[in-house]
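Hi,

Here is the structure I promised to pass on. Have a look at it first, and then read my notes below.

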Amino acid sequence: MANMVLFGVLWIVISLLGEWGVTAWINSAPNGTGPYFGSFSNLGIIGAGAFDFLLWVAVPIFVFVVLMLVFAMIRFRVKKGETPDEAKNQSRVNKTFIGIWVVASILVNILIWLHPNASGLEQVFAAQKVTAKQHPLIVDVTARQWEWIFSYPQYGISQAVNSQGDDVLYLPVNRPVKFVLQSFDPFHTYDYQVDVIHSFWIPGFGVKQDVVPGETRTLVLTPTQITSTEKNPMVRVQCAEDCGPGHPYMEANVHVVSASAFAQWAKAQAAGGS
Amino acid sequence: MAQRASVEVKTSTPVAPDRRMMPPVLRALLFAAIGFVVLDALTVLLDYSPQSPYLSQTGAVAGWFGALVGWLLGIGGYEHIIKPMLGFDDPGYKQVGWRRFFQLADDHKVIGVQYLVFSTGTFLIAGLVAMAMRFQLMSWQPTIFQYPQSYLNAVGIHGTLMMFTVATVAMFGGLGNYMVPLMIGAKETVFSKASGIGVWLVPVGVLTVAFSPLLGAWTTGWRGYEPLAASDGVGMLYYYLGVFALTLSSLIVALNLVTTILFKRTKGLTWNRLPLFVWGILTVSLLTVIWFPEIQTTFLLALTDKMAMLNMFNGLGHALGFSEFFWLFGHPEVYIVVVPALAMWNEIIPVFTRKSLFARPMAVLGLVFVMMLSGMVWAHHMFTNMRYSEMLPFSFFTEMISIPTGFAYLAAIGTIWNSRMRLTTPMLLVLMSMFNFLIGGLTGLFVADVPANLQLHNTFFVVGHFHFTIIGGMVFSWMAAMYYWLPKFSGRTYNEFWGKFGAIWVFVAFNATFLNFFILGLHGMNRWVSAYPKYLQPENFWTSIAAFFLGAGFGINLIHIVWAWVKGPKVQENPWQAKTLEWQTSSPPPRYNFEELPVVVAGFYNYGEGAPEPVIVAKQAGTQA
């Protein structure tokens, strides 16, 4: 009984300390994104919220088991000089303990499935249903071995490039963007074998979507902060599915800019004759 | 180590051979070479044109099958399988002493040791590949891997060998073959000759995969996935063939052990008394029987697809088809790896805590439910490319599987509570394994959550997660089992100081390495890259340093275990006072395990005063210390 009380007190105290530490970590960046670096879009913020919530759930579980292991090593170990006898308490069943364990593990799993999983997914799904009223920016993304090609049909830009001729993605802040994702090689359309699965990932936006040959997929998100690859290397397009030898180099720079700066850029790109 | 185990066997092995025969391994190599040349020549003859090269894709595949058959005949299949089938007498096993280990054997203990040696050797090879990968990742630019495809090929070989030759094999083919018949009081396994053939598929598979880049680099990682495989080098074919050999080997283990467990249990060994480790092997065997044929079929389809361009798995067909087939097997595979480890914890804990196993039915049910649920979670590997409507059910089952997995913890924690724990090396390693697997499981909460998964998928967060489950769960338990059963294998034991030293070294280095992976993943480090943005270099550098310490730590443990096996201090029978049947015979056990079969009258995990003795009869006179 003394062990149980001691263990219970330690568990509660250390769990509270852990929760305090985790909360400090979470709040070390705005919007609770301390441990989660990909939160510059509406979808990323959903993911960050899920991550934070799961950290809070995980702490008491982690503390319970680890404290149990350490506690047992200290309190229940046969120390030097003691006779190594059999344990006195040989209880092989404790219905209360087993019952609490089973019910608690079922409840925790249902809880985290409902929230943050299902609730977060509902928000992700809702974000995909963008209407014409919201004036989404449409970006056609073509993934090939090994290049990201961005075209902006609404602005007459067939391939956005920067002054060095590298592919570049410009996005206006706080406006929904609908990425239309396809995997094929516009320069070698006869060779279907080079069309492989890529994954369109902007780490700073906290979301990725695979680009599958033979299919057209979409991803809708809204960038929420003005930033760029130069300011934060997390904000870059990076292929996240192994797509062959050029995979590590399949990336492109991203600029999230104000609406007016975007309009200016789009005008210059379209005039650039690309 | 081979000489040790041979001492007891003299009685049942035939006397020295009447005529010298070629060492089976050499003969097998010769037959394999002949088989390769003959079948390759046949492909040229059947489809002859003046320009055709002698070695083509088709020729390499046909030749491989020829080499496989030649190898298995040469290693002993000819005398012990083909000839008896044709009505000749089996000539018996002419090799004695250490040479027994270098031929086809029918003794499950020899086969178990063969599997363990192959697993350990492959662990070293694939581990050195991992060291090379970590060396590369110390820099953000190419260093030792000048081309990304050679790095990707190294990743593929590391993963393939670790999964199919170490993680799946060491506790299953190795410890399972050696221990299960002893633990159920059987004299031998049911399909002992098939089992003996099966183990020799392992070196074939390992060499095929390890040398596959010679035919052309492949870049798909351990999944060998289409449509990328179609444009990869011809080495891809040898990946499929190598894995085919390795999975066939494990499939034979599964068929053999599941039949043995069903039909060869000794008198009184009811399902309620079956040892935990045997339950673990039984569930794993069933998983293997269900899922390995599925992946083998898939690999043969992919092989055909690559040679004949059937367009099944690319943009013209169903580009995600291969991934779906692969993960349908791929997730049960994870539980094939970890279930023996979970079972091993509760095998070892009661022995060292001197306390009756707590909630035994729950521990068993946990293993069984993990087995049943494991086929329903696989699509969580595809959250980034599946239909939205599939996300909710698959995330549901994925989270639910933590409930039966938790039952292993429930039993373990209930047992160590108020116990009298002897903190020996195996016990310490079990506690470490519980710690590591807990981190693996809790990080699973994050990757099972779909909104978070869309960020974490294919980053180092996931790499950290599965290394925590596989190394942290399975490899630590494997080490615990090796220290625990050393006195059984060889009648010798390890040094307690060096055992603990090695365990703590590996534990610290392992956590220092792989905890970093989570942070790296959150910082945007993706998988399968030999070059990465420069801002990630400092973290990667320190991760690599820790990884080198981890590699050295495994070396320390390996040297210590081999030393203990061969030259360690002799130890009394049953030094841990364990109650399971494998300890009821001499160490190492005689050829047919028990002079007289033991009869079980009670469960094996009862301790304390007045606990019933589980076994009557059967102790060989004079062996009990």
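This is a predicted model: local features need pLDDT of at least 70, side-chain atom pairs count only at pLDDT 80 or more; totals for chains, interfaces and linings use all residues.

Residues are numbered from 1 along each chain as its sequence is written, while chains are lettered from A and ligands numbered from 1 in the order in which they are written.

Chain B splits into domain 1 (2–16 + 96–616) and domain 2 (17–95), with bounds from an automatic or database domain assignment. Their C-alpha centres are 31 Å apart. Each domain puts 21 residues into the contact between them (contact meaning C-beta atoms, placed from the backbone, within 7 Å). On the domain 1 side, those residues are 15 nonpolar, three polar and three charged (nonpolar being Ala, Val, Leu, Ile, Met, Phe, Trp, Tyr, Cys and Pro; charged being Asp, Glu, Lys and Arg; polar being the others, Gly among them).

Helix 10 (276–308) of chain B is one of the helices that supply at least two residues to that side (helices are DSSP runs of H or I, at least four residues, numbered from the N terminus). Helix 10 of chain B bends by about 30° at B:Trp291, with B:Pro293 following within four residues (the bend is the angle between axes fitted to the seven residues ending there and the seven starting there). After helix 10 of chain B comes B:Met309, with a positive phi near 50°.

Lastly, leaving aside neighbours within four places in sequence, B:Ala480 contacts B:Met344, B:Ile348, B:Pro426, B:Leu429, B:Val430 and B:Ser433.

Cheers

Definitions and conventions
Two residues are in contact if their C-beta atoms, placed from the backbone, lie within 7 Å.
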